[in-house]
Amino acid sequence: MPEKLIFELSSPGRTGYTLPELDVPEMAVEDCIPSRFLRKREPELPEVAENDVIRHFIGLSRLNYHVDKGFYPLGSCTMKYNPKVNEVAARMEGFAAIHPHQDPEDVQGALELMYELERYLCEIVGMKAASLQPAAGAHGELTGLMLIRAYHEDRGNPRKKVLLPDSAHGTNPASATISGYQAVQIRSNEKGLIDLEDLKAHLDEEVAALMLTNPNTLGLFESQIEEVKAALDEVGALLYMDGANLNALLGIVRPGDLGFDVVHINLHKTFSTPHGGGGPGSGPIAVSERLVEYLPVPRIRKDGEKFSLDYDRPKSVGKISTFFGNFGVMVRAFTYIRMMGSDGLKQVSRNAILNANYLLERLKPYYDLPYPTRPMHEFVLSGNRQKKHGVRTTDIAKRLLDFGFHAPTIYFPLIVPEALMIEPTDTESKETLDAFADAMIQIAREAEENPEKLKEAPVTTPVSRLDEARAARDLRIRWQPESVMS
Ligand SMILES: *Cc1c(COP(=O)(O)O)cnc(C)c1O
């Protein structure tokens, strides 16, 4: 590795700060802290100068790949550029320095922001009420299914099954299982949409809900939604929307108008807040009239100009997060929505759709397109043609790194062999899209002419091919001081 650990840069006695001379009486540390709490040994911290620290972390950031560095077409993840004004707002002292245990009287501004954000989100998705508590999309799914269970329980039978199409994101069946339901898979048809016949064949009074992603993970709009809704109504099942792809629908279609009962929204995708590497997310859910009373507590209430926390909701599923959820992410999303306005948000979706379709048109001649339906904000190609030359989709993804691009999502959705799922997002220029298309076309050529070269890629990155299974299972990310090792 070209970058040492900061501990390895350490030199005894070197410091990165100077303190002014002590101008108060010195106190022995034993007089302040009971000796049983005092450590017996000096902590082994790196002793480095300020410029060592800066160079170390800037060096690390250059080894990493991120949206501020380049194009990041990771399908489904919506790695769009995050405007820096969001950061300015999130770091305002009044937001950054508040404590969740503060009296609601003292944090009226924060409560107002959350109240307003709930209202904006409800307007955007056409729902009655929302909760900002879930900390991620998957957590929103779980919360939504808890609401659905509470709804059915209220009617005497919590029911047993949750249906989901075979193109669903892995979190969907996981959430269904964790919330105590049996996850039942429904086929996709040759157009890449949910197969209505298969859906109807699985519907009965034990079905609690159908979870549908719209546009789905192939980037396709589920156009039979009215028939789907009617079929569910017949057996009293609810309709859940995985709204991770909402960035295709802003100002164009509202899930509430389509008949969905719950939708989760990934603020960290659609509403431009940094994510990845498990960083903070926020997965609010918005619900139709019939699920409002089950929403988590506390609900934020507005009486006149005053905001308060309402815990008195007897049918609520309770708290599903510590305090209010990830507040910093909410500030960023709020800022973004206010900055864009309704026309701006509509333009976001239109540009996302235009960018995806432009890229698709450029790449179509070189890669297989398993579902020829016109996509919205992302599309899925197959590396089947390249596989005939012994080149796998992994190799294509690795080679892209040599061209300076992050790879698309690969091997998902599971229904596409050798899948390459490409989401350019709304924030990329035609020049960037063209450069990416040129790289993909060049790689398709290399696959035919020099497949061995692709097996060696990447050759320009700090590390090349890792043993991914081992990297995940035998993760060593903690430096151990010698005193502990010995
Ligand atoms: C990202 C995503 C999720 C899960 O969201 P997280 O915030 O990562 O938990 C669920 N469904 C789809 C389609 C997604 O793209």
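1. Which helices and strands do the buried residues of H14 pack against? Point 6 takes this up. The model is predicted: local features need pLDDT of at least 70, side-chain atom pairs count only at pLDDT 80 or more, and totals for chains, interfaces and linings use all residues. Residues are numbered from 1 along each chain as its sequence is written, and side-chain values use heavy atoms, with hydrogens and water left out.

2. Overall fold. The protein chain holds 18 helices and twelve strands. These are DSSP runs numbered from the N terminus: helices are H or I with at least four residues, strands E with at least two. The radius of gyration is 26 Å, close to the 23 Å from the globule rule for 486 residues, so the chain is as compact as a globular protein of that length. That radius is taken over C-alpha atoms, and the rule is 2.2 Å times the number of residues to the power 0.38. Along the principal axes, the C-alpha trace spans about 80 × 70 × 45 Å.

3. Of the 486 residues, 48% are buried. Buried means under 20% relative accessible area, exposed over 50%, partly exposed in between (1.4 Å probe, protein chains only). Among contacts with a separation of 6 or more, 70% join residues 24 or more positions apart. Contact means heavy atoms within 4.5 Å.

4. Domains. The assignment gives domain 1 (1-64), domain 2 (84-339) and domain 3 (346-472). The bounds come from an automatic or database domain assignment. The centres of domain 1 and domain 3, taken over C-alpha atoms, are 44 Å apart.

5. Asn82. This residue sits in the loop between helix H2 (50-63) and helix H3 (84-90). Asn82 counts as buried, at 8% relative accessibility. Beyond neighbours within four places in sequence, Asn82 contacts Val67, Ser272, Thr273 and Pro274. Thr273 is 191 residues away along the chain, yet the two C-alpha atoms are separated by 5.8 Å.

6. Helix H14. Residues 393-402 form this helix, and eight of its ten residues are buried. They are Thr393, Asp395, Ile396, Ala397, Lys398, Arg399, Leu400 and Asp402. Here is the reply to the opening question. The buried residues of H14 pack against helices H13 (384-387), H15 (430-449), H16 (451-456) and H17 (468-473), and against strands S11 (409-410) and S12 (419-422). Gly404 follows H14, with a positive phi near 85°.
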